[in-house]
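Biologist: I have a structure open and would like to learn how to read it piece by piece. Could you walk me through a few features?

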Number of protein chains: 2
Amino acid sequence: MALIVQKYGGTSVAGAERIKHVARRIAATEDKGNQVVVVVSAMGDSTDELIKLAYQVAGEPSERELDLLLSTGEIVASTLLAMALRDMGYEAISLSGAQAGIHTDSAHRRARILKVETRRVIKELEKGKIVIVAGFQGVTGEMDITTLGRGGSDTTAVALAASLGASLCQIYTDVDGVYTADPRLVPEAGPLAEIGYEEMLELATYGAKVVHPRAVELGELYHIPILVASSFSDKPGTLIHGGAPMEVRNKVTGIAHDLDVAKITVVGVPDRPGIAAAIFQPLAQAGVSIDTIVQNASIEHITDLTFTVAKGELKEAMRVVEPIARQIKARECLSDSRLGKVSIIGTGMQNTPGYAARMFAVLSERGINIQLITTSEIRITCIIDEAKVEEAVRTLHRAFELESGE
Amino acid sequence: MALIVQKYGGTSVAGAERIKHVARRIAATEDKGNQVVVVVSAMGDSTDELIKLAYQVAGEPSERELDLLLSTGEIVASTLLAMALRDMGYEAISLSGAQAGIHTDSAHRRARILKVETRRVIKELEKGKIVIVAGFQGVTGEMDITTLGRGGSDTTAVALAASLGASLCQIYTDVDGVYTADPRLVPEAGPLAEIGYEEMLELATYGAKVVHPRAVELGELYHIPILVASSFSDKPGTLIHGGAPMEVRNKVTGIAHDLDVAKITVVGVPDRPGIAAAIFQPLAQAGVSIDTIVQNASIEHITDLTFTVAKGELKEAMRVVEPIARQIKARECLSDSRLGKVSIIGTGMQNTPGYAARMFAVLSERGINIQLITTSEIRITCIIDEAKVEEAVRTLHRAFELESGE
């Protein structure tokens with residue numbers, strides 16, 4: 001008898017009919033002789049509605065209160081799912097994050113799971129019950145309710161799978177799996193049958209929104225295979241796991257992109273120790289997340305320092321950086337908010353030269369100018385004009401032969 | 001510095017504007033130098049909406065799941081109220097029933113409070129915070145969430161007031177207080193300045209819906225004065241307390257009525273021991289609540305047994321009683337569902353004869369036929385034709401000089 005943890009996203013439980021549909025899927029999993037723990041997100045846009053209410057009563061709602069407020073959304077979905085299962089004749093029980101023993105630190109809105117106290121979940125499983133857990137939430141040592149921030153329900157699911165020793169964590173969403181590229185941009189893109197944790201992390205971080213990197217990291221750490229599949233179809237989905245693929249059919253696994261990129265260049269910076277810290281420490285203090293940083297080779301002790309931020313943070317970043325630029329006697333401060341990122345990702349690239357060169361050649365042939373380049377062992381990212389991102393993704397998808405056979 | 005517990009009902013917090021209005025009232029109470037604990041119900045018809053959702057996914061939703069589902073309604077209202085107060089610059093924190101230490105038995109949908117573990121509430125009060133508690137809910141020893149059933153939030157408020165040693169429990173609702181009679185029936189009816197617990201219990205049980213008898217009982221038991229007033233006005237409201245009124249201005253305090261009365265008469269019952277049990281035990285087992293029972297004086301060992309039930313339970317009651325009537329060889333079983341109840345209530349009647357006679361005379365003068373009479377020490381109730389209830393209430397209100405001076 002295998003123990004499986006399933007997670008259903010908000011669109012999968014938006015409305016009574018979809019909840020009943022999900023209940024039938026869960027029941028079918030149990031019918032196959034599995035023990036099932038289910039993690040569920042809030043129904044459809046119910047979280048947004050709660051946030052709207054909060055901003056109607058307060059200009060800046062307390063984070064602690066917001067967490068307690070938002071936690072109700074997942075509880076509503078869990079109880080309804082448990083009721084639907086019981087109505088079908090299955091033993092089921094719903095548990096809030098606190099009841100399910102999801103203990104977190106007290107960083108409201110972005111809490112981290114400290115431990116999972118599985119006693120209650122195990123007790124209910126032993127009674128033969130399907131256990132439905134409200135995702136996205138936990139409880140502090142002082143019994144305060146927290147939410148886990150982005151990717152919270154995915155993280156709840158993988159954390160439960162790890163703590164319970166589940167054989168598999170299935171993340172059900174509204175897409176058929178992890179695609180070789182965003183199918184809205186690339187019609188030939190198709191779901192991958194499998195992908196390594198590392199590759200998935202790069203894909204997830206660099207623009208694929210299917211499963212949150214935080215959950216993938218946790219899966220990697222605890223060796224939990226994660227299946228990403230659609231709750232609306234019976235397609236096989238994508239298995240994220242640590243085993244090397246049996247046959248490396250293609251060394252590039254997928255193309256990721258991101259349109260939310262702005263660039264700041266501090267031009268003519270005197271190249272001496274402490275300059276980078278002088279710029280980036282105040283940015284960190286102002287809460288601006290820096291993505292890529294590139295420093296040109298220094299010519300006569302003068303260099304250019306370029307970095308990227310999310311578009312929404314450009315104004316704040318410029319507000320912080322401009323006075324510093326004057327102070328360190330840089331020549332000027334330039335910004336560009338019309339940028340995007342495109343990345344090719346694949347573990348196969350690791351020990352094989354030539355991928356970067358081929359990527360640059362493909363983009364160049366299309367007349368796409370590369371503004372910045374960053375790489376990891378299994379990823380090459382080019383920052384380009386946002387208007388060219390779509391064309392770049394399509395062209396790279398074709399060039400690296402990722403077209404789906406389907 | 002006095003500690004005051006306030007309770008706001010669902011209509012008082014229906015929508016962002018009303019929540020902000022309630023927040024201002026709470027703030028004003030603190031501004032006067034009081035410590036304040038607030039108990040809040042779910043917003044407007046949000047509980048009904050959750051119940052509707054439950055019945056969309058399940059024919060007969062599990063009571064345990066329903067409780068966890070419904071508990072979210074009061075949590076939403078509490079967090080929003082705390083946010084609104086913080087936005088006004090007041091320190092406030094919301095607590096779920098579980099966090100506030102409301103421990104109950106595990107009778108879902110109708111749990112009873114076993115104890116209130118006040119540690120957390122006291123800790124927050126000592127930090128100078130206004131504490132907002134989600135009403136209507138509690139937690140079992142197994143950490144399962146329960147709801148308290150009818151009058152739940154009123155009961156939470158009085159239980160907290162008792163456990164915290166509050167000097168006063170203020171129940172804010174959408175009416176100006178406890179009226180001498182239902183103002184929809186009697187335009188001259190006005191709010192009472194004060195009323196005893198016992199009288200209030202009779203009024204509440206016999207048709208006045210302002211504050212739940214369960215909360216009044218608890219208030220009496222722990223000597224907590226309860227002020228019932230409107231959250232939409234600054235009128236003084238009605239103080240429910242145990243002290244004898246300084247001057248007994250009028251020995252009848254109020255007129256209660258109830259239109260939900262049906263009557264069953266088992267005619268020609270052989271009067272021997274065990275007959276009452278033979279009838280009423282099966283009714284109790286079928287879950288039928290019996291209100292009034294009257295047995296006529298026996299003539300030649302044959303008697304009539306009459307009792308009343310809520311109209312909605314008449315059919316089930318007849319289904320149970322008819323075969324029993326045949327079995328015990330009663331002559332026949334009659335029912336009448338077009339009845340109502342009118343009561344005069346007042347501690348002043350206790351040692352003063354003549355009230356019953358006057359009531360019967362007043363009704364008789366109007367040609368209102370009395371079908372059944374029941375009394376307590378401080379109440380006289382007549383069961384009459386439902387079509388005559390309104391006239392009876394008005395006539396009695398005038399006869400016992402309850403017209404408001406306002």
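Modeller: Gladly! Keep in mind that this is a predicted model. Let us begin with a hairpin: in chain B, E17(B) and E18(B) form one, with two residues between them.

Biologist: In which sense do strand E17 and strand E18 of chain B pair, and over how many bridges?

Modeller: Strand E17 (residues 370-376) and strand E18 (residues 379-385) of chain B run antiparallel to each other, joined over six bridges. To find your place in the pairing, look at B:Thr374, which has B:Thr381 of E18(B) opposite. As a general idea, side chains in a regular strand alternate between the two faces of the sheet.

Biologist: Now a helix. Which residues of helix H11 of chain A are buried?

Modeller: A residue counts as buried if 20 or more other C-beta atoms lie within 10 Å of its own. In H11 (residues 389-399) of chain A, that gives A:Val389, A:Ala392, A:Val393, A:Thr395, A:Leu396 and A:His397. Their cover includes strands E13 (254-270), E16 (332-345) and E18 (379-385) of chain A, along with helix H10 (355-365) of that chain. Just after H11(A), look at A:Glu401, with its positive phi of about 55°.

Biologist: And how many residues does the contact take from chain A and from chain B?

Modeller: Chain A gives 27 residues and chain B gives 27 residues. On the side of chain A that touches chain B, helices H1 (16-31), H2 (46-57) and H3 (63-87) are the elements giving two or more residues. H3(A) gives the most, with 13 residues. By class, this side of chain A has 16 nonpolar, seven polar and four charged residues.

Note on methods: Residues numbered from 1 in each chain as written. Chains lettered and ligands numbered in written order. Predicted model: local features only at pLDDT ≥ 70, side-chain atom pairs only at ≥ 80, totals over all residues. Buried ≥ 20, exposed ≤ 12 C-beta atoms within 10 Å, placed from the backbone. Helix = DSSP H or I, 4+ residues; strand = E, 2+ residues; numbered from the N terminus. Contact = placed C-beta atoms within 7 Å. Nonpolar A, V, L, I, M, F, W, Y, C, P; charged D, E, K, R; others polar. Pairing = 2+ DSSP bridges.
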